[in-house]
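Subject: Structure handover

Hello,

Please find the structure below. My notes on chain B follow it.

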Amino acid sequence: MNGIEKKIVYTNASAYKTSDADCERLVLGAMAKGMERIFVLPSSLPVVNRTRTDGIRVAVGVSYPSGAYEQAVKVHEIEDLLCSGEAFDEIYAVLAVGRYLSGYADECRAEMEAMAAAAGEKPVYFIMEAAVMTDGQKKEVVEMAAGAGARGIVASTGFAPYDIKMPGPEDIRTLAEAAAGKLEIIANGGIDSMEKIQDMLRAGAGLVCSADAYHILNG
Amino acid sequence: MFDWSKVKDPVIAKRLQDEGRAFVARCHFGTQGVAKTKQDVLDTLQRLLDSGFMTLAFDIEANYARMVQEVTGGKVPLHAAVSYPMGRMTLKQKLYGLQSMLDLGIGDTCVCIDWQAIFSGRYRDVEKEAAAINKEFDGKFLKNAFVIPATLMSDLEIVEVCKALDNAGVYSIKVNPGTKLGVSYEEVELINRNFPHRFDIHPSGNIRTLEAVEKYLELGCKIIHTASSLEIVEAYLNRQFALYTGGVQS
């Protein structure tokens, strides 16, 4: 595998039909293939936590997939997760992408700062939709995220029913160049082959998120 | 948009307006999604206002509620969803989200039950979650529908989930969230057959024609979610106009 499995975030966050057994399979599949990170939604945490070992880092989604709630609601989601008693390692919070695209950059910046502050010591990654943003907008979001103290950026929700364009290597390259090593860039959305994983890593992604990771690694 | 200029008879015009108003008042219409911009929302709102009719609610993402209220002076009833579309937030997050809807003046909402509990057969958890939401918010919204992904469920799962919602005291069920999951007549018939006169069923997704809306109305549904509301009411008015005039100018 050449360590590529360590660069993958295995996820079921965007799957409509997810059961407890699917969550167990996610964790066990990650462990079986040497993947060290998974991304799930809040109600999956109890099953994930009783299945995983210490070697698996868990990212949990906030306001996934729309991100279109008021700032106070998103902050509350984070506070609730922190008080829930369920263990997790990182937060992937969906930005109010539509509002940002409408020109409310200051609101978006304030939202990032509030969510990062609410998360405290937990690393926060902000989910954007890179493929619908100009290069200038991508760079601005990266700068805002870095200023807010984020650990990284996830390039897309990867939620196919929205019919939104998924990011390509060129989007990842722009994000990685803007981040200049200050933020980790996670490619996400429509990554269903080893070739796409490698393309994203070559473009500068630090990690690649995929719902198909187990099958990809299985060959 | 219906061509009102072809209606010469004021009696027929009045009748069509009344019928159109009543028809559209059963429909939800709007625009939602992660990348919907202010302009997307305003354009969709303008289409609705230009129609001369008002849907039961204008469906938006919650973070555009203040803007729409400012633009319309609060005269357009709003709908926004909580934990949409998969319901995989925690109960506390859903309760907070619902309260925020009330605080924003959103009178019509829907909340997704935890689909992971549904697909795991944890119907007691479905019941507990729905009951907790109902206890807190029953009667506080004009409508608060509970969303189930019927299209992805077996008949048995649909019945078991409806039993859980019945036990929880739920009234309104939204059958499918849209977002690529469309309702079928069979799903509505199944719920009606097993729970006669029990639920207020809101079909959603893949409803694009007058015939489909009328079929759901025949099945007893009173509220329809369709992004094609304005095209459908136009088809309805054209048909009614033809009915009253034989298709010629009156």
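Accessible areas were computed with the Shrake-Rupley method and a 1.4 Å probe, and for residues only the protein chains shown count as cover. On that basis, chain B exposes about 10,400 Å², of which carbon and sulfur atoms supply 51%. Of its 250 residues, 57% count as buried, meaning under 20% relative accessible area with a 1.4 Å probe and protein chains only.

This is a predicted model, in which local features need pLDDT of at least 70 and side-chain atom pairs count only at pLDDT 80 or more, while totals for chains, interfaces and linings use all residues. Residues are numbered from 1 along each chain as its sequence is written, chains are lettered from A and ligands numbered from 1 in the order written, and side-chain values use heavy atoms, without hydrogens and water.

Chain B has ten helices and eight strands; these are DSSP runs (helices H or I, at least four residues; strands E, at least two), numbered from the N terminus. An open sheet of eight strands in chain B has parallel pairing and the order β7-β6-β5-β4-β3-β2-β1-β8; two strands pair if DSSP finds at least two bridges between them. In chain B, β7 (200–203) and β8 (224–225) are the edge strands with a single partner each, so one side of each has no neighbour in the sheet. Strand β1 (residues 27–30) of chain B runs parallel to β2 (residues 57–59) of chain B, joined by three bridges. There, B:H28 stands opposite B:A57.

Along the principal axes, the C-alpha atoms of chain B fill a box of roughly 60 × 40 × 30 Å.

Regards

Conventions:
Buried means under 20% relative accessible area, exposed over 50%, partly exposed in between (1.4 Å probe, protein chains only).
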